Each structure stands twice: as structure tokens, then as C-alpha cells.
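Subject: Structure handover

Hello,

Here is the structure I promised to pass on. Please open it and keep it beside this email while you read.

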Amino acid sequence: MSTALDARHMARALRLAQRGLYTTDPNPRVGCVIVRDGAVVGEGWHARAGEPHAEVHALQHAGARARGATAYVSLEPCCHHGRTPPCSDALIAAGVARVVAAMPDPNPKVAGEGAAQLRAAGIEVEIGLMESAARALNPGFASRMTRGRPWLRLKLAASLDGRTALADGASRWITGPAARRDVQHWRARSSAILTGIGTALADDPSLTVRELDIGRQPARVVVDSRLRLPAGARLLGLPGQVIVAAAADDPGRRAALRATGAEVLNLPDGRGGVDLTALMAALAQRDMNEVLVEAGERLSGALLAAGLVDELLLYLAPHALGSDARGLFAFPALTRMDQRIGLNIVETRMIGPDLRILARPVETSR
């Protein structure tokens, strides 16, 4: 049974895991603390895919002191050969006596097998301590492994009356500098940033992480039904992966985009648009965990109406733009109040003069 001391060490493991927030993609963020006779003898966290996992770093730190110790890990140790050897083997070889994991690994290649291997070697294993905090650290990894799609986070910026731009599309800047800096952190933790062709044509955005040196750039995904994205678009000329999701298979335009290095996916939905559910599955197949959407009202509304949005990140600025300005979502008109899309507000926080609201559709709230 877990104790208050166990909780303290697991909290430390979770704080260590947080250090990999921007860099471990597509791997999960994991931290490990090794304790012997009440003293911490080793710590580690997973920093980057392809590099040693948290347990290995912690065991190297502990050395011979790991024998007979307890290892606190924020995720069930892996038991399969990927880019690195199994962590379960390393823990067994080090002679630890007990492993406390916050959550089971949702990866089907592990899914309880890591714990089983440790138990078979005579190691005491407990799973579930501070599990909700561990899951909150890796929503995208869990989503990709269990649902076959990324965790979709929809970022929106609006005036207090819910308007995202003037009638002519002008929107710079609705929110203040602090909110715009805050968005960079959400970009940095994402596998990809997704937008629609309307935003791409109107704003010619770069969709890159700025001001933070994380050693990578999230992929850039454009929903572009008719392949209208020009080959000279800014987002095509920058480092990182670009994916264009289309519904029309125009060989000439497809070739022009591919010549820039972009991947073109033809995913028609049968109604002239892109099959957004199929797009999410395609992104998961490309090992994408968290996807940040920065799009206009049409794509935002389509994703919300399709039940693909897991989290809304809404910045409300303290001003009003009026009824002629553009709204947050465009989807078919509702005819009954019970058709409303329910939201649970998870968190509110002031970011400079703007209010940041984190909310989740009722069916995906956890």
C-alpha cells in the first residue's frame, strides 16, 4: 500500500517528467526517482526520443545503490525493444526490490507486460499512485495508443463578445503580447500545428515555435480541400514536416507541393471536403500525440461538430468587436437547445490582461 512518503517521491518523478514536456515527442514524458533506505539515490527523466529512458538515467545515477531500492516511475516501465532496450530488463539487472508506477503504459506493446515481467523476477510492483496527474502529462500519447488519434487541442483568441476577427478578416492583434507568448508554449509541446486553407491564404502564417529553443519544430498541417496552397507559402519554406490534406487530386498542384518537400494526403469525405476523422488517424499513424489547431471558424466548427476536439484553449481579450465581426465556430444551425455542445471548464487564468480558459467537451472530459 502506498504511503505519504511514496506520494512525495512520485510527485518528484512527475516533476522530472515535466522537464521533457517539449522534447520527448513522440515518446511519453517520464520521470524516475530511486530511493533506498529513505534517501534518494538516483533521478532521471526521458529527454528525447532515441535517448535513454528515465529509468536508465536514474539507475546510472544510483549505481550500486539501486540494489534493494524502490524505483518510482511516472509510467509503467517498457518491456520491448524500440530505439532503446527494455527498461524492465535494466531494473531487474540493477536489483531493485520494488517499483511504483503512476499509470499503466497504454502502448499495446507494454500494456501490463512490463509490470508482469518485473513481478516474475520477484520485484514488488504497484501501479496507480497519482495516476490522474501522470495521465494529464501525456494526454496525446494515451490518446494515440488507445483511440488511434492524437489529442486535439483547439486554440482560439476572441474578444469578450466572442469575436475572432473583423468582418474583413482583420485579427491582429486581438490578444496582448503575454497571451501570444503563452501560445508558444502550447505550440512547443505539440507534435503538429493544424490550420485551414482560409487562414493559410489570409495570414500566410509560419506556424513555428518562436522564442523557445526546443531543438525541433512541430509538423505543420494544412486542411486544403482543393489544393489551393501556393508553393511559395511561408510555412512551406521553413524547417520541419509539412502535410497538406486535400479532397481533390490535382496532379499538377500535388506535384508542385511535393516539390517543396510537403506530403500531400488525399482524404475526400464524399462531400467535397477533407475527411477529418481520417486525417486524425493519419496523423496518429505518423506518431503525432498532441495537435494544436489554429484555424478559422469553419474548420474550428467542423472539428468541434465532428467530436474531434478534446480540449479548447480560449483566450478572451477585454474588448468588444460587435455583431458584424466573425465568430468562433461555424457549423449547421441548431434547432433545439439539447443539441448544444456541452463544455466543462477545467481552468481559468489571467495571462496579462487576457483571460485564458481551458475547457473540454463533456464527452472527453477527464
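First, a term: two strands pair if DSSP finds at least two bridges between them. Strands (E, at least two residues) and helices (H or I, at least four) are DSSP runs, numbered from the N terminus.

Next, the ground rules. This is a predicted model, in which local features need pLDDT of at least 70, side-chain atom pairs count only at pLDDT 80 or more, and totals for chains, interfaces and linings use all residues. Residues are numbered from 1 along each chain as its sequence is written, and side-chain values use heavy atoms, with hydrogens and water left out.

**Strand β14 and its partners**

Start with β13 (residues 343–351) and β14 (residues 354–361). They run antiparallel, joined by 8 bridges. M350 stands opposite L355 in β14. E347 stands opposite L358 in β14. The two strands form a hairpin with 2 residues between them. There, G352 takes a positive phi near 65°.

β14 also pairs with β12. Those two run antiparallel as well, with 5 bridges. Look for Y315, which stands opposite R356 in β14.

Is β14 enclosed or open? Of its 8 residues, 7 are buried, so β14 is largely enclosed by the rest of the structure. Buried means under 20% relative accessible area, exposed means over 50%, and partly exposed lies in between (1.4 Å probe, protein chains only).

**Salt bridges**

A salt bridge puts a side-chain nitrogen of Lys or Arg within 4 Å of a carboxyl oxygen of Asp or Glu. How many turn up in the whole structure? The search finds 24.

One of them joins the side chains of E311 and R360, at 2.7 Å from N to O. E311 lies in strand β12 (residues 311–317) and R360 in β14, so the pair ties together parts that are 49 residues apart in sequence. Both E311 and R360 are buried. Salt bridges with shared partners join R29, R153, R189, E290, E311 and R360 into one network.

Another links the side chains of R98 and D6, at 2.9 Å from N to O. R98 sits in strand β4 (residues 98–101) and D6 in helix α1 (residues 4–18), 92 residues apart. R98 and D6 are both buried.

Now take D250 and R253. Their side chains meet in a salt bridge at 4.0 Å, N to O. D250 is partly exposed, with a relative accessible area of 30%. R253 is partly exposed too, at 41%.

**Nonpolar cores**

A nonpolar core is a set of buried Ala, Val, Leu, Ile, Met, Phe, Trp, Tyr and Cys residues joined through side-chain atoms within 4.5 Å. In soluble globular proteins, nonpolar side chains tend to be buried together.

The largest core here has 35 residues, and L152, L194, L279, L283 and L303 touch the most other members. Helix α10 (residues 276–285) gives the largest share of this core, 5 residues. Apart from this core lies another, of 33 residues, among them M10, A13, V33 and M103.

Which residues does L279 touch? Leaving out residues up to four places away in sequence, L279 touches L194, V221, V223, A245, L265 and L267. Contact means heavy atoms within 4.5 Å.

Best wishes
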